[in-house]
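Dear colleague,

I am passing on the structure we spoke of, and below it you will find some notes on what turned up in it. Please read them with the structure open beside you.

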Amino acid sequence: MVQLHVKRGDESQFLFNTTVDAPLETVIQQITTIYNGRLKVDRLCSEIPELADHGITLPPNMQGLTEEQIVELKLKDEWEDKCVPSGGPVFKKDEIGRRNGHDLFKLCLSFLPQKQLQANVCVTMEMVKEALDQLRGAVMIVYPMGLPPHDPIRMEFEDREDLSGTQASLQVITEDECQLWWAAKEMQRGKKLQDYIGKNEKTKLVIKIQKKGQGAPAREPLVTDEQHKQMIKHYYKRQEELKKLEEADDDTYLDSEWSDRQALKKKFQGLTNIKWGPR
């Protein structure tokens, strides 16, 4: 299997396994699906702690309003009594006025591709779906009656998320606008992976995912940040050792008896222990 290390810019995303005879259309479709699925998991993992801390999202016409404004406008959250966490809520006010403040016990939820990358684990769509199912199941346990239709977590689960005007929308890449780059070359659709890398199934590549029209991504540095740190550390250590050697550059030991290269010869010739004065 060919192992692809997928990056976006300088940021590592995930590892992906494929074959050299795989059509690039298929590879692009699979990588795009996994990439966008990971983004969805990341968005959910950032929203669920907010749900755990401050409860469900308020209706759009109530978000950002103070309690006095809500009373003055006679607004009411009709989902507040319907969507109650199991075990009962504990009020914890949301300072930004986005959620209703009904706290619940924190959920231990994480899907960390960086750890998988360090462990050399290749990500598949099944793994992403499993992470989504775990998040969906955890939310259903706490909110058996479900979440309001306007809650971003429910919208994510139902693929109705509205990312317009957000930073997250800039990260999403659709299949049609996705490009794969390797060795400063775009991998063209209509070809196979072996047209670029040959037929060696044990190849490991660093490829970059890019939006169409953004041009070629920056080349990979010759050394990684970690390697650069190790090199600086090594050179600094070597420099300190040389400084200590210069400070200890004392050659008085050459006058010692044990440093005399002719000591054995003098011993045999009886020339040791000779004194040039009266005894």
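**Leu180 and its surroundings**

Leaving aside residues up to four places away in sequence, Leu180 touches Val27, Ile28, Ile31, Lys185, Glu186, Met187, Ile207, Lys208 and Ile209. Please bear in mind that this is a predicted model.

Leu180 also belongs to the largest nonpolar core, a set of 40 residues in which Ile31 and Leu180 are those with the most contacts inside the core. Two or more residues of this core come from each of several elements, among them strand S1 (2-8), strand S2 (11-18), helix H4 (125-142), strand S5 (178-182) and S7. Helix H1 gives the most to the core, with eleven residues. In soluble globular proteins, nonpolar side chains tend to be buried together.

Lys208, one of the residues that Leu180 touches, is found in strand S7, which spans residues 204-211. Lys208 counts as buried because its relative accessible area is 5%, under the cut-off of 20%. Its side chain reaches the backbone oxygen of Gly9 at 3.1 Å, and the residues that Lys208 touches, again not counting those up to four places away in sequence, include Lys7, Asp10, Trp181, Pro217 and Glu220.

Turning to the surface, Leu222, Val223, Met231 and Tyr235 form a nonpolar patch there, with about 450 Å² of accessible area together. Leu222 lies in the loop between S7 and helix H8 (225-247), and this residue is exposed, with a relative accessible area of 89%.

With best wishes

Methods:
Residues are numbered from 1 along each chain as its sequence is written. This is a predicted model: local features need pLDDT of at least 70, side-chain atom pairs count only at pLDDT 80 or more; totals for chains, interfaces and linings use all residues. Side-chain values use heavy atoms; hydrogens and water are left out. Helices (H or I, at least four residues) and strands (E, at least two) are DSSP runs, numbered from the N terminus. Buried means under 20% relative accessible area, exposed over 50%, partly exposed in between (1.4 Å probe, protein chains only). A polar contact is a pair of N or O atoms within 3.5 Å; within protein, one must be able to donate a hydrogen and the other to accept it, and residues adjacent in sequence count only if both atoms are side-chain atoms. Contact means heavy atoms within 4.5 Å. A nonpolar core is a set of buried Ala, Val, Leu, Ile, Met, Phe, Trp, Tyr and Cys residues joined through side-chain atoms within 4.5 Å. Patches are made of residues with over 30% relative accessible area and no salt bridge: like charges are joined within 9 Å, nonpolar side chains (Val, Leu, Ile, Met, Phe, Trp, Tyr) within 5 Å. Accessible areas come from the Shrake-Rupley method with a 1.4 Å probe; for residues, only the protein chains shown count as cover. A salt bridge is a side-chain nitrogen of Lys or Arg within 4 Å of a carboxyl oxygen of Asp or Glu.
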